[in-house]
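Student: Could we go through this structure together, one question at a time? I would like to see how each answer is reached.

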Amino acid sequence: MRKHWLDNLRWVTVLLVLFYHVIYFFNNKGVFGGIGGFGDYPQCPQYQDVVMYILYPYFMPLLFLLAGISARYALQKNSAREWFKARTRKLLVPGTIGLFVFHWMVGYFNTVVAQRQGVFDGIPAVAKYVVMAISGIGPLWFVQLLWLLCLVLLLVRAIDKKDKLWNACGKLNIVWIILLGVLFWVGEQTLIQNPRPESADGLLNLYKPLFYLIPFLLGYFVFSHDEVQEKVGQAWIPLMACAIISGGILIGTTFGQDNTSPQYLGSPLNCIYGWLMCLALMGWFKAKFDHTGKFAGYMTRSSFGLYIVHYLVVASLGYMMTMYTQLPPVAMYLILTVAVFALSPLLYEILHRIPVVKWCVFGEK
């Protein structure tokens, strides 16, 4: 029996990612990427940036956690070889070949947005194309890393062939489930605290493989149990209350800081908020949204595609409005928000109807 709450929470989280990137693109809090704000902080507070502080601590860990749950269900129906082959097509193909078919356009805007208009001067066309394709990874780091974590999962399964760990995790009560947040904190401590500009430290802090491995494996071993889901569902109200309180304290005491820095992410309060919100959202959707309909069914099928294509809309339109118009900030936010939620589905619907392109960009058969 399909768990609709799982599908619904996944596509809702993807929509949050789309909205996050609208705010992120114009942020002035020192978060890497985007085109910058409409003035320097604190002279220009840009209180709308609070969206980043609300969402960033939990929405990507939540996606990895849901992916771990889904991996458990898929491996109960398919052999490990069939499952990994499907994961390779769905994740690795868009994360590699898709860069050269579609995301080179994102790479172009990523380059000019970074105020490096002359970076391509004197570079041959082929080399320029390769640079743009690699620069276009953007949100695709998620699918690339998820493919690697799927490979790690197969190794873990080979060690625990009799499912002893999985069976043991199904017996956890709500107290132990909450205390698993310690692992959330441990994972954040693996970030490089003072990344060297000339090294790959920043790239490792972006991908955060050891950190994201934790929610992915927790999804597979712990939250794929019906009993655990029931316990979280029954406790969603106090979990949500605690998450909101901790989040309010976190944001109230740290607004203005770079909320993606290793120091910020590794703080105990950020980890408490992020973990409690993951639990609260899972519990809330389990208790209240375990059903589907036409719109939910469409979003379940298309949310992955929306995630794949949306950043081209954000980067291109956001750049052009900033460079070629005198629109007030409010208008830019409104236009970009409407555009990312309207044009991303349109772009997906067009591309996934083109036979070769849909395989390259979305990993569809």
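Student: Is Glu-230 buried, exposed or partly exposed?

Tutor: First, a word on the source: this is a predicted model, in which local features need pLDDT of at least 70, side-chain atom pairs count only at pLDDT 80 or more, and totals for chains, interfaces and linings use all residues. Residues are numbered from 1 along each chain as its sequence is written, and side-chain values use heavy atoms, with hydrogens and water left out. Buried means under 20% relative accessible area, exposed over 50%, and partly exposed in between, with a 1.4 Å probe and protein chains only. Glu-230 has a relative accessibility of 37%, so it counts as partly exposed.

Student: Which side chain does Glu-230 meet in a salt bridge?

Tutor: A salt bridge here is a side-chain nitrogen of Lys or Arg within 4 Å of a carboxyl oxygen of Asp or Glu. The N to O distance for this pair is 2.9 Å, and the partner of Glu-230 is Lys-286. Glu-230 lies in helix 12 (residues 226–234) and its partner in helix 15 (residues 268–288), so parts 56 residues apart in sequence are tied together.

Student: Which residue forms a salt bridge with Arg-72?

Tutor: Arg-72 is buried, with a relative accessible area of 6%. The closest N and O atoms of the pair are 2.8 Å apart, and the partner is Asp-163. The pair links distant parts of the chain, 91 residues apart: Arg-72 is in helix 3 (residues 59–77), while the loop between helix 6 (141–159) and helix 7 (164–169) holds Asp-163.

Student: What is phi of Asp-163?

Tutor: Most residues other than glycine have a negative phi, and most peptide bonds are trans. Asp-163 has a positive value although it is a residue other than glycine, with phi near 60 degrees.

Student: How many residues of helix 3 are buried?

Tutor: Helix 3 is mostly covered, and of its 19 residues the buried ones number 16.

Student: Which residues touch the most other members of the largest nonpolar core?

Tutor: A nonpolar core is a set of buried Ala, Val, Leu, Ile, Met, Phe, Trp, Tyr and Cys residues joined through side-chain atoms within 4.5 Å. The largest one holds 122 residues, and the members that touch the most others are Phe-216, Phe-223 and Met-282. The element giving the most to this core, with 14 residues, is helix 16 (residues 294–324).

Student: What is Phe-223 in contact with, leaving aside neighbours within four places in sequence?

Tutor: Contact means heavy atoms within 4.5 Å. The partners of Phe-223 include Leu-65, Ile-69, Trp-275 and Met-282.

Student: Which residue forms a salt bridge with Lys-29?

Tutor: The closest N and O atoms are 2.8 Å apart, and the partner of Lys-29 is Asp-49. Both residues sit in the loop between helix 1 (4–25) and helix 2 (50–55), 20 residues apart. Lys-29 is buried, and so is Asp-49.

Student: Where is the cis peptide bond that involves Pro-42?

Tutor: Pro-42 lies in the loop between helix 1 and helix 2. Omega is about 10 degrees for the cis bond, which joins Tyr-41 and Pro-42.

Methods: Helices (H or I, at least four residues) and strands (E, at least two) are DSSP runs, numbered from the N terminus.
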